[in-house]
Amino acid sequence: MAFTNPGPSDLTEWIARIRGRDMPVFARTVDALRRIIVDDRASASALAQVILKDAPMTTKVLRLANSAYFNHSNQGINTVSRAIVVLGFDPVAQLALSVALIDALLRGSVRSRVNLEMARSFHAAVQARWAIQRKGEQQGEEVFIAALLSRVGEMAFWCFGGDQAQALERCMSQGGVREEEAQQVVLGFSLRHLSAGLVREWKLGSLAAAAIEGDARSRGPERAVAIGDRLARAAEDGWDSVAARRAIREAADYLGLPVSVVSAEIIANAGEAARVAAFFGAPEAGRAIPRAEVPLPEPEPPAPPAAPDASLQLRILQDLAAMSLERAAIADILQLVAEGVLRGVGCERVVVALLTPDRLHLQGKMGLGSGGEALCARFIFPMDGDPDDVVDDAIDSGKACWVNPARVERGGTERLQAVTASESGFVVPFGSATRRIGVLYADRNGRPLDEESWRAVQHFALQASLAVALSAADGVPS
């Protein structure tokens, strides 16, 4: 039977389409995270900034960071900065990458095949992580992400395949045709090759690529990924099936343990995989995991507009005080200050701006929130010493300013408002009493500000000033 399929005609065109049209946001996130992951000099604050640009990603990363599955120390984690300290730089970067992937796929036309492929991916990832950890290796998170990414082509195709996905589904439903054979008939290539191409295109890591290409003789971490994949697929026929028993024996051989010891753990992993999928925001995929008969967390409702959170402010201020006493890097402290204003105070745009070494310009160094990065790039002011200008005055006199519509007629805000395009905002200097080094700017993108938020932003700026003072007392340049 012949299938007529308008759309991409070969593997190369499919890779280009998914990258450029269907998942461009994911591609940009991957690029930002990859640059940080491969840069040995990248700071924790740089990673936190990438995550904090995306409010849903921030919420999910923190939720995962507080889950027992990833947070073995059971330490409460309130901020992205703290997550990096507790879990480590690479694990948090990899969690962010996987959250970005799942979110991008869930934005597509989710259908039963997507849930099946996503269920396989989560199930394989949990089984693979269990296998490498049971073997006593320290690559659990890396293996988990590699297994999750190893079916990226399958998941993306069923999300965005359109007419060709329908044609493939019809071909597969005829019976007697293996999945890869049907893929060759309809598409001219295997979806596994699409996964391999996307992994290479997005540079998602050598382990994911090695796992897809496969080497049955390997005893390295890619073997754990392959075992996880086989366990996930075999479970679809039931744990008593021939395929499942064979996959369990392979896992037992890899670990050097009796089948009777590992089989119960492997079956229990299916329930764990369902919970993990729900934590990633994919509860439907969790329910599709075979034998995952466990209560799943309800999906989270959409995040409401940013609102002040006094308890979160207090926890972040406590973390800041501890970091100051520990003489943490000023850049890391300013990162946490900005996160506190964004998430704790409920501001929508936050910019940390610093004076240049010659003190002739004030320049944005860090921007968070919706439009925060773009605002940071524009946040450049010559220091002219004009006492009537709110930016100059903040540095020269150390006075904080709440810019609001009532002040517009008094002058002094023209330069600032030309850059921020907002009538309302907070400008709060920080540094030592005799030497200010920068300002903290925050607003709500035109929405009203209030007295409580005004006081809270000043508290965060004060904490930044204390850290600068302690650093100066130690003789450390700010």
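Residues are numbered from 1 along each chain as its sequence is written, and side-chain values use heavy atoms, with hydrogens and water left out. Because the model is predicted, local features need pLDDT of at least 70 and side-chain atom pairs count only at pLDDT 80 or more, whereas totals for chains, interfaces and linings use all residues.

**Figure 1. Overall view of the chain.** The chain holds 24 helices and six strands (DSSP runs numbered from the N terminus: helices are H or I of at least four residues, strands are E of at least two). Its C-alpha trace spans about 80 × 50 × 40 Å along the principal axes. Of the 478 residues, 54% are buried (buried is under 20% relative accessible area, exposed over 50%, partly exposed in between, with a 1.4 Å probe and protein chains only). The accessible surface is about 20700 Å², with 52% of this belonging to carbon and sulfur atoms (Shrake-Rupley method, 1.4 Å probe; for residues, only the protein chains shown count as cover). Among contacts with a separation of 6 or more, 63% join residues 24 or more positions apart (contact means heavy atoms within 4.5 Å).

**Figure 2. Packing of helix α1 on helix α9.** Helix α1 (residues 11-22) and helix α9 (residues 152-160) pack at about 70°, and their axes are 11 Å apart (axes are lines fitted to C-alpha atoms, for helices over the stretch in contact; angles run from 0 to 180 degrees between N-to-C directions). The two helices are therefore roughly perpendicular (65 to 115 degrees; under 35 is roughly parallel, over 145 roughly antiparallel, the rest oblique). W14, R17, I18 and D22 of α1 meet A156, F157 and F160 of α9. These contact residues comprise five nonpolar, no polar and two charged (Ala, Val, Leu, Ile, Met, Phe, Trp, Tyr, Cys and Pro count as nonpolar; Asp, Glu, Lys and Arg as charged; the others, Gly among them, as polar).

**Figure 3. Surroundings of T420.** T420 belongs to helix α23 (residues 414-420). Its relative accessibility is 1%, so T420 counts as buried. Leaving aside residues up to four places away in sequence, T420 touches R349, L375, R378, F379 and Y441.

**Figure 4. Backbone at A421.** A421 lies in the loop between α23 and β5 (425-431). Most residues other than glycine have a negative phi. A421 is not a glycine, yet its phi is positive, about 55°. With a relative accessible area of 69%, A421 is exposed.

**Figure 5. Backbone at K203.** K203 sits in the loop between α12 (191-201) and α13 (206-213). This non-glycine residue, K203, has a positive phi of about 55°. K203 is exposed, at 52% relative accessible area.
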